[in-house]
Amino acid sequence: MGFRRGIRNLTIQQQEAIVNGRAQGRTLLELGKQFNISEIGISKFLKRWVDQGGVRNILKPGRPRSTSRFPTGTSYVFHVSIPA
C-alpha cells in the first residue's frame, strides 16, 4: 500500500493530531504512515500551518474549472463503424 499523492482534505482533528505529534517529536515518516500521506506532504502541510496560522479551507479566487469535456454550446457527433 503506497502513500497518496498530495495532501488530501484532512479533518480538524487530523490536522491537530499532525501538529501535536510533530510537537511531541514524532518524525515526518511516522506521521505520514499514520495518515497515509508522504513525508513531503506532511512537511508542506506543517509549513502551511505555520505560514497561515492554521490551515483553513479557503476558496481559491477565479472562475471554477469546467468539468465538461466539450465547451458549452458545442456538440459533436461521433460515428462508429463496426466491420462485419
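**View 1. The aromatic pair of the structure.** A search of the whole predicted model finds one aromatic pair. Phe45 and Trp49 form this pair, with 5.8 Å centre to centre and 45° between the planes, a tilted arrangement. Rings of Phe, Tyr and Trp (its six-membered ring) pair if their centres lie within 6.5 Å; planes under 30 degrees apart are stacked, over 60 edge-to-face, and the rest tilted. Phe45 and Trp49 are four residues apart in helix 3, so about one helical turn separates them. Phe45 is buried, at 3% relative accessibility. Trp49 is partly exposed, at 22% relative accessible area. Buried means under 20% relative accessible area, exposed over 50%, and partly exposed in between (1.4 Å probe, protein chains only).

This is a predicted model: local features need pLDDT of at least 70, side-chain atom pairs count only at pLDDT 80 or more, and totals for chains, interfaces and linings use all residues. Residues are numbered from 1 along each chain as its sequence is written, and side-chain values use heavy atoms, with hydrogens and water left out.

**View 2. The chain as a whole.** The protein chain has three helices and zero strands. Its pattern along the sequence is α-α-α. Helices (H or I, at least four residues) and strands (E, at least two) are DSSP runs, numbered from the N terminus. Of the 84 residues in the protein chain, 18% are buried. Among contacts between residues at least 6 apart in sequence, 57% join residues at least 24 apart. Contact means heavy atoms within 4.5 Å.

**View 3. Helix 1 against helix 3.** Helix 1 (residues 12-23) and helix 3 (residues 39-52) pack at about 95°, with their axes 11 Å apart. Helix 1 is therefore roughly perpendicular to helix 3. Axes are lines fitted to C-alpha atoms, for helices over the stretch in contact, and angles run from 0 to 180 degrees between N-to-C directions. Angles under 35 degrees count as roughly parallel, over 145 as roughly antiparallel, 65 to 115 as roughly perpendicular and the rest as oblique. From helix 1, Gln15, Ile18, Val19 and Arg22 meet Ile42, Phe45, Leu46 and Trp49 of helix 3. By class, this contact of helix 1 with helix 3 has six nonpolar, one polar and one charged residues. Ala, Val, Leu, Ile, Met, Phe, Trp, Tyr, Cys and Pro count as nonpolar, Asp, Glu, Lys and Arg as charged, and the others, Gly among them, as polar.

**View 4. Helix 2 against helix 3.** Here the axes of helix 2 and helix 3 lie 8 Å apart, at an angle of about 100°. The two helices are therefore roughly perpendicular to each other. Leu28, Leu29, Leu31 and Gly32 in helix 2 meet Glu39, Ile42, Ser43 and Leu46 in helix 3. Five nonpolar, two polar and one charged residues make up the contact of helix 2 with helix 3. Ser38 sits in the loop between helix 2 and helix 3.

**View 5. The largest nonpolar core.** Nine residues form this core: Leu10, Ile18, Leu28, Leu31, Phe35, Ile37, Ile42, Phe45 and Leu46. A nonpolar core is a set of buried Ala, Val, Leu, Ile, Met, Phe, Trp, Tyr and Cys residues joined through side-chain atoms within 4.5 Å. Leu10 lies in the segment before helix 1. Leu10 is buried, with a relative accessible area of 11%. Beyond four places in sequence, Leu10 touches Gln15, Ile18, Ile37 and Phe45.
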